[in-house]
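Hello,

Here is the structure I said I would pass on. Please open it first, then read my notes below.

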Amino acid sequence: MGATIIDGKGFAATVREKVAAHVAALQRDHGLTPGLAVVLVGEDPASQVYVRSKGKQTVEAGMKSVEHKLDAATSEADLLALIAQLNADPTIHGILVQLPLPKHMNEALVINAIDPAKDVDGFHISNVGLLGTGQKSMVPCTPLGCLMLLRDHLGSLSGLDAVVIGRSNIVGKPMAQLLLGDSCTVTIAHSRTRDLPEVVRRADIVVAAVGRPQMVQGSWIKPGATVIDVGINRIEKPEGGTRLVGDADFDSCAEVAGAITPVPGGVGPMTIACLLANTLTACCRANDLPEPEGLTA
Ligand code: NDP
């Protein structure tokens, strides 16, 4: 194995420390406490784990955490009323509605009901538009985390060839926008891309956000390239039980790449760290205070 392992877990801890230090300064100098409200509808077990972990890390960073757990049968109108109440609450700077929502709800309608300034997931159509036009926005947490890891590892990304595999609104598309913003030459690949291995072979930076376990092979990677693996897939182990793997085949990619993120311990921990960073940023913007350095795109 020749690649440097990019320690997302360690980097996320550093981001959380920076956030906590800035939060302490906000409290000391301005009497402000950033507040994050997380709304969970229904009992999806994975979502419950995420929400618990978000709440815990929010409190550890010195911020106010509010959780709203609603029954799966809650009406869309009741959820929209709660969002309106949180939009109007001056102690809440970030609102996150945990996805997926139950089938009877219109996800786009709900997300677009959040005040864009409090949309710490960066999924509101206004934030998507602002990011796409290179303006100040709330940036989706997972792609922001990937960008931070890339900047930390590579320094300037200007002029590099980047291939993002996946075109979802949550990861692939905003990731491509961020890389473009840092002056990469960006290709977005997806399920209809012809000869994906050949496309990936051109890349100095490969971001795999596909949802297919161990799909990206070492033979696809340009020697020395940086591989950011967003995938989180649970697979069966031959000896029984399960384990987490990414969208890249770690062992073969690590033979060729210059650097690679592991799964777990790579991009995953960056997502919640960036959620905390976004909540802090939202609080600073709401109060016309300078934004924390190095915690936004
Ligand atoms: P989606 O299912 O929404 O999107 C997957 C994308 O991959 C689609 O654009 C799809 O193309 C493309 N794709 C599927 N199969 C292929 C293929 N054979 N070749 C090329 N492209 C393909 O997934 P998400 O973007 O939401 O998530 C991607 C991965 O990232 C998942 O493993 C998910 O668990 C993980 N994830 C991790 C997070 C973290 O915190 N680390 C956060 C969010 C996601 P098409 O559009 O043509 O169908």
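Start with the crossing of α6 and α7, which is right-handed. Bear in mind that this is a predicted model. Helix α6 covers residues 141-154 and helix α7 covers residues 172-181. They pack at about 35°, and their axes lie 9 Å apart. On the α6 side, the contact uses Pro 143, Leu 144, Cys 146, Leu 147 and Leu 150. On the α7 side, Pro 174, Met 175, Leu 178 and Leu 179 take part. By class, that contact has nine nonpolar residues, no polar and no charged ones.

Next, the other helix pair. Helix α1 (residues 8-30) packs against helix α10 (residues 268-286) at an angle of about 20°, with the axes 8 Å apart. That angle makes α1 roughly parallel to α10. The crossing here is left-handed. Residues in contact include Phe 11, Val 15, Val 19 and Leu 26 of α1, and Met 270, Leu 276 and Leu 280 of α10. The class count for this contact is 14 nonpolar, two polar and two charged residues.

Last, the largest pocket. Its volume is about 1,200 Å³. The lining has 45 residues, and Tyr 50, Thr 142, Ile 232, Gly 268 and Thr 271 lie nearest the centre. Elements that give two or more residues to the lining are α2 (45-60), β4 (94-97), α6 and α10. Of the elements, α2 gives the most, with seven residues. By class, the lining has 25 nonpolar, 14 polar and six charged residues.

Best wishes

Key. Residues numbered from 1 in each chain as written. Predicted model: local features only at pLDDT ≥ 70, side-chain atom pairs only at ≥ 80, totals over all residues. Heavy atoms only, no water. Axes fitted to C-alpha atoms, helices over the stretch in contact; angles between N-to-C directions. Helix = DSSP H or I, 4+ residues; strand = E, 2+ residues; numbered from the N terminus. Parallel < 35°, antiparallel > 145°, perpendicular 65-115°, else oblique. Left-handed = near helix turned anticlockwise from the far one by under 90°. Contact = heavy atoms within 4.5 Å. Nonpolar A, V, L, I, M, F, W, Y, C, P; charged D, E, K, R; others polar. 1 Å grid on protein atoms, 1.4 Å probe; cavity = no way out; pocket = protein on both sides within 12 Å on 5 of 7 lines; lining within 4 Å. Points joined across faces, edges and corners; volume = space filled by probe spheres on them.
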